[in-house]
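Subject: Structure handover

Hello,

Here is the structure I promised you. Please open it and keep it beside this email while you read.

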Amino acid sequence: MNFGGWGFANPAGLFLGLLALPIIAMHILRPRRIQQTVSALFLWRKVNRPVTAATPWQRLQPSWLLAAQVLGALLLAVLVARPVQFTEEPLAEHTIFVVDASGSMLSTDGSPDRIQDARERAQELRSQLPGDGEASLVVAGDRARAVVSRSSDAAVFRDALGQIDPFPGEGDFAGAFALAAGLDTGDRPSRVVLVSDGGVSAADLRLAPPGTRYEKVGSDAANRGISQLTVEPAPGGLVARVSVRHYGGPSATQTVRIDVDGRTVVSQAVDLDPGEIENVSLNLPDGEMIEAFLEPIDAYAADNRAVATVSRSPEIDVWWVGADDPFLEAALSVIPGVTVTKS
């Protein structure tokens, strides 16, 4: 939890502040007996039913004891939450930039996309290096690669950034972090800066070198996409199985459209909640090329279309020579595309 430059290392500790509620309740529910002066007690000796002069509820009366108890509970909550101040650390003499080049960086919620925002952010940070500073550049694409190694030339770094092309898939962050760690030779202070839209798994983040600084690009734009498309022959045509995944954003209703050989044959609406995967099976007429579309198109259009071709068994002619074998003949008869001819 962050409030400006301040925050809490353990925000869950703030829930201890709720201890103030039972403290206030005890002060409200504390019984209070009403003092009353009577002329004599012998008149009450024959009263058979018990009576009480205690009032279970009373108006909350401010007191130093109440204030001290509530303040103690709030201070305990703040101490357990561990308040901290957030400050940006300066870049090291040797700064290693790891730029995300996965498919999500093609999302069009940047200027014009996220990868361009990443280039500009990395270039801006490069200009903040000390006068004798060096910069290295690692690209986390389909496979990690180091494109700049300990260069003090800003033009070389800028040109390398301009040549980064995102890969339509997941980035190799594990390899990128390993390369970044290898570029730290220990002869001068080094630090890693990750420029990404946040599409890094928790497992990969655990591999990041200690002290890695994260620079986020892009917004939290909604993204739904087709994660898998398979097509198989079926009686009377084909059957397509489409997996639609909700990667981020609010719940939404999308339409899965299937084209067979360039002609739309079926559409079906699917309801998607954040993080959900919806599997759809659709019967299709016979065809060669199957295209699945997710509509409407969101900020990341690359995963809104998938293509599959139909895998068919080859036609095989078998010439039978020799004595009959009913077991072998039965086995061949159930193989699709096999025709047995006896000589």
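Phe 15, Leu 18 and Leu 21 make a nonpolar surface patch of about 360 Å². Bear in mind that the model is predicted. Leu 21 sits in helix 1, which covers residues 20-29. Is Leu 21 buried or exposed? Leu 21 has a relative accessibility of 56%, so it counts as exposed, since the cut-off for exposed is over 50%.

Now go to helix 3. This helix runs over residues 114-126 and has 13 residues. From its first C-alpha to its last it reaches 18 Å, close to the 18 Å expected at 1.5 Å a residue. Which residues of helix 3 are buried? They are Arg 114, Ile 115, Asp 117, Ala 118, Arg 119, Arg 121, Ala 122, Leu 125 and Arg 126. What covers them? The cover includes strand 6, strand 7 (134-140) and strand 8 (144-151). It also includes helix 4 (154-162), strand 9 (190-196) and strand 10 (213-216).

Next, find Ser 107. This residue is in the loop between strand 6 and helix 3. Its relative accessibility is 3%, so Ser 107 counts as buried. The cut-off for buried is under 20%. A polar atom of the Ser 107 side chain lies 2.9 Å from the backbone oxygen of Ser 104. Not counting residues up to four places away in sequence, Ser 107 touches Pro 112, Asp 113, Arg 114, Ala 299 and Tyr 300. Arg 114 is also one of the buried residues of helix 3.

Glu 93 is in another loop, between strand 5 (83-85) and strand 6 (94-100). Glu 93 is partly exposed, at 31% relative accessible area. Which side chain does the Glu 93 side chain join in a polar contact? The partner is Arg 188, at 3.2 Å. Leaving aside neighbours within four places in sequence, Glu 93 is in contact with Pro 130, Gly 133, Glu 134, Arg 188 and Pro 189.

Last stop: Asn 283. You will find it in strand 15, residues 277-284. Asn 283 is exposed, with a relative accessible area of 67%. Its contacts, leaving aside neighbours within four places in sequence, are Leu 238 and Val 239. Arg 241 is 42 residues from Asn 283 along the chain, and the two C-alpha atoms are separated by 9.0 Å.

Best wishes

Methods
Residues numbered from 1 in each chain as written. Predicted model: local features only at pLDDT ≥ 70, side-chain atom pairs only at ≥ 80, totals over all residues. Heavy atoms only, no water. Helix = DSSP H or I, 4+ residues; strand = E, 2+ residues; numbered from the N terminus. Buried < 20%, exposed > 50% of the residue type's maximum accessible area, 1.4 Å probe, protein only. Contact = heavy atoms within 4.5 Å. Polar contact = N/O pair within 3.5 Å; in protein donor to acceptor, adjacent residues only side chain to side chain. Patch = residues over 30% accessible without salt bridge, like charges linked within 9 Å, V, L, I, M, F, W, Y side chains within 5 Å. Areas by Shrake-Rupley, 256 points an atom, 1.4 Å probe, with all protein chains shown as cover. Salt bridge = Lys/Arg side-chain N within 4 Å of Asp/Glu carboxyl O. Expected span 1.5 Å × (residues − 1).
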